[in-house]
Amino acid sequence: LENKLVNDLPLVVSGTVRTPFDLAALTPDAKNLGGDNGFMVGGGQAAAYGTTLDGVSANTSRALSKSWVASNSPSVEAIDQFTVDSSGYKAEYGHGAGVMTFVSKSGTNGYHGSAYEFIRNNDFDANNFFNNASHIANSIYKQNDFGFTAGGPVWIPKIYHGKDKTFFFFSYEGFQ
């Protein structure tokens, strides 16, 4: 949270970065009650779920904060597939409430990439009808989430051509 003074009144501005948990929250058995440990899967306890990225566990212990998993997860642009299993999954996952499985993108034989920017500020955001009717100014909210991805075969001129052999994928996300 960032505190700012506007017309001598304190204003609290909060912003969130897009995470793969935003995707998982769209599934029927997932629910987010807010806060660091408010995410639940399959009716289980909050923060009592398993998370894997490319087959490797991305969890911390219950004593540590689950927000570490959310803030250190890859960008949504770098996720290729995800599943949320809340019942009937294999015993290898070992969690009673549910498990979220994320698979990251990888390079291909062709060069591909993307760029994005999600920006919010007073120049782009409109005030709502009731605030306009009451002559209440639009609240200050500034957020800029930007990034890019790039992937393809590794190619070093006159040394190595990695088509069908070696690939790369890179993702960058910034938040202000």
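A nonpolar core here is a set of buried Ala, Val, Leu, Ile, Met, Phe, Trp, Tyr and Cys residues joined through side-chain atoms within 4.5 Å, where buried means under 20% relative accessible area, exposed over 50% and partly exposed in between (1.4 Å probe, protein chains only). This is a predicted model, so local features need pLDDT of at least 70 and side-chain atom pairs count only at pLDDT 80 or more, while totals for chains, interfaces and linings use all residues. Residues are numbered from 1 along each chain as its sequence is written, and side-chain values use heavy atoms, with hydrogens and water left out.

**View 1. The largest nonpolar core.** Ten residues make it up: Phe21, Ala24, Ala30, Phe39, Val41, Tyr49, Ile79, Val84, Met100 and Phe102. H1, strand E4 (39-41), E7 and E8 are the elements that give two or more residues to this core. (Helices, H or I with at least four residues, and strands, E with at least two, are DSSP runs numbered from the N terminus.)

**View 2. Around Met100.** Leaving out residues up to four places away in sequence, Met100 touches Phe21, Ala24, Phe39, Tyr49, Gly50, Thr51, Thr52, Thr83 and Val84. A contact means heavy atoms within 4.5 Å.

**View 3. The open sheet.** Four strands line up in the order E6-E5-E8-E7, with mixed pairing. Strand E6 (56-57) and strand E7 (79-85) stand at the edges with a single partner strand each, so one side of each has no neighbour in the sheet. Inside the sheet, strand E5 (residues 50-53) and strand E8 (residues 99-104) run parallel, joined by 4 bridges; two strands pair if DSSP finds at least two bridges between them. Zoom in on Leu53 and you'll find its bridge partner in E8, Phe102.

**View 4. Ala25 in its loop.** Look for Ala25 between helix H1 (20-24) and strand E3 (30-32). Ala25 counts as partly exposed because its relative accessibility is 33%. Not counting residues up to four places away in sequence, Ala25 touches Ala30 and Phe39. Val41 sits 16 residues from Ala25 along the chain, with 8.8 Å between their C-alpha atoms.

View 5. The protein averages a pLDDT of 77, and 78% of the residues score at least 70; pLDDT is the predictor's confidence in each residue, from 0 to 100. Over residues 1-15 the pLDDT is below 50, and this stretch has 22 contacts in the model beyond near neighbours in sequence.
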